Structures are given as structure tokens and as C-alpha cells.
Amino acid sequence: SHLRAGIMSSHAKRRSATIALWATYVNIVLYALCYQLQRPVEPFLVAKLTTSGGDGDATAQDAAMNYGRVQAFFSAIQTVGSPLVG
């Protein structure tokens with residue numbers, strides 16, 4: 001009876017680990033998919049959010065500058081955060 005309980009708990013642990021692994025895979029796929037879908041839209045979103053009217057050249061240049069700042073900030077945060085997270 002004690003041996004049977006040990007075998008069942010081993011099976012339950014293995015099943016729990018498998019479920020956790022699949023949940024991790026699904027989260028990674030969703031994150032990658034969302035990341036890849038938002039990257040092409042980012043410059044247009046930044047341009048839309050940063051333009052305040054006025055002449056087109058200045059606002060386009062401002063949007064490009066702001067997009068560069070967003071990219072630089074994200075890269076800096078990744079550089080600091082990646083070693084911390086592992």
C-alpha cells in the first residue's frame with residue numbers, strides 16, 4: 001500500500017511538471033507572437049502619439065527621434081534586467 005502511494009505520487013509529480021512545462025511553452029509562444037506583431041506597428045504608433053500638429057517635417061522628425069529614444073530605453077532596460085532575471 002505504501003509502495004503504491006509512492007508510485008502514484010511520482011506519477012502526479014510528473015504530470016504536474018508536464019503541465020507546468022506546457023504552460024511555460026504557451027506563455028513563451030504568446031509573448032513571442034505579440035512581440036513580433038507589435039514591432040512593425042511601433043513607429044506608426046509613436047508618430048501618432050507624439051505628433052502635435054504643425055509642419056509635417058518637424059513632427060515626422062520628432063516622431064523618429066522619440067522612436068529612437070524608446071528603442072534606446074528598451075535596450076538599456078534589457079541590458080540591466082536580463083542578468084538580473086537570468
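1. Glu 42 lies in helix H2, which covers residues 42–50; helices (H or I, at least four residues) and strands (E, at least two) are DSSP runs, numbered from the N terminus. This is a predicted model, in which local features need pLDDT of at least 70 and side-chain atom pairs count only at pLDDT 80 or more, whereas totals for chains, interfaces and linings use all residues. Residues are numbered from 1 along each chain as its sequence is written, and side-chain values use heavy atoms, with hydrogens and water left out.

2. As to the overall make-up, the chain has three helices and zero strands, and its elements, read from the N terminus, follow the order α-α-α. Of its 86 residues, 7% count as buried (under 20% relative accessible area, with exposed over 50% and partly exposed in between, for a 1.4 Å probe and protein chains only). The chain exposes about 7400 Å², and carbon and sulfur atoms supply 68% of that area (Shrake-Rupley method, 1.4 Å probe; for residues, only the protein chains shown count as cover).

3. Where is the salt bridge of this structure? The structure holds one salt bridge (a side-chain nitrogen of Lys or Arg within 4 Å of a carboxyl oxygen of Asp or Glu), and the side chains of Glu 42 and Arg 39 form it, at 3.3 Å from N to O. Side chains of opposite charge can pair when their charged atoms come close. Glu 42 counts as buried because its relative accessibility is 15%, while Arg 39, at 25%, is partly exposed.

4. If neighbours within four places in sequence are left aside, Glu 42 is in contact with Tyr 67 and Gln 71 (heavy atoms within 4.5 Å).

5. A search of the whole structure finds two aromatic pairs. Trp 22 and Tyr 25 form an edge-to-face pair, with 5.7 Å between centres and 85° between planes (rings of Phe, Tyr and Trp, the latter by its six-membered ring, pair if their centres lie within 6.5 Å; planes under 30 degrees apart count as stacked, over 60 as edge-to-face and the rest as tilted). Trp 22 is exposed, at 56% relative accessibility, and Tyr 25 is partly exposed, at 41%. The rings of Tyr 31 and Tyr 35 count as stacked because their planes meet at 20°, with centres 6.1 Å apart.

6. Both partners of the Trp 22 and Tyr 25 pair lie in helix H1 (residues 2–38), three residues apart, which is about one turn of the helix. Tyr 31 and Tyr 35 are four residues apart in helix H1 and are therefore separated by about one helical turn. Tyr 31 is exposed at 56% relative accessibility, and Tyr 35 is partly exposed at 26%.

7. Trp 22 and Tyr 25 also belong, together with Leu 21 and Ile 28, to a nonpolar surface patch with about 450 Å² of accessible area (patches are made of residues with over 30% relative accessible area and no salt bridge; like charges are joined within 9 Å, nonpolar side chains, namely Val, Leu, Ile, Met, Phe, Trp and Tyr, within 5 Å). Leu 21 lies in helix H1 and is partly exposed, with a relative accessible area of 42%.
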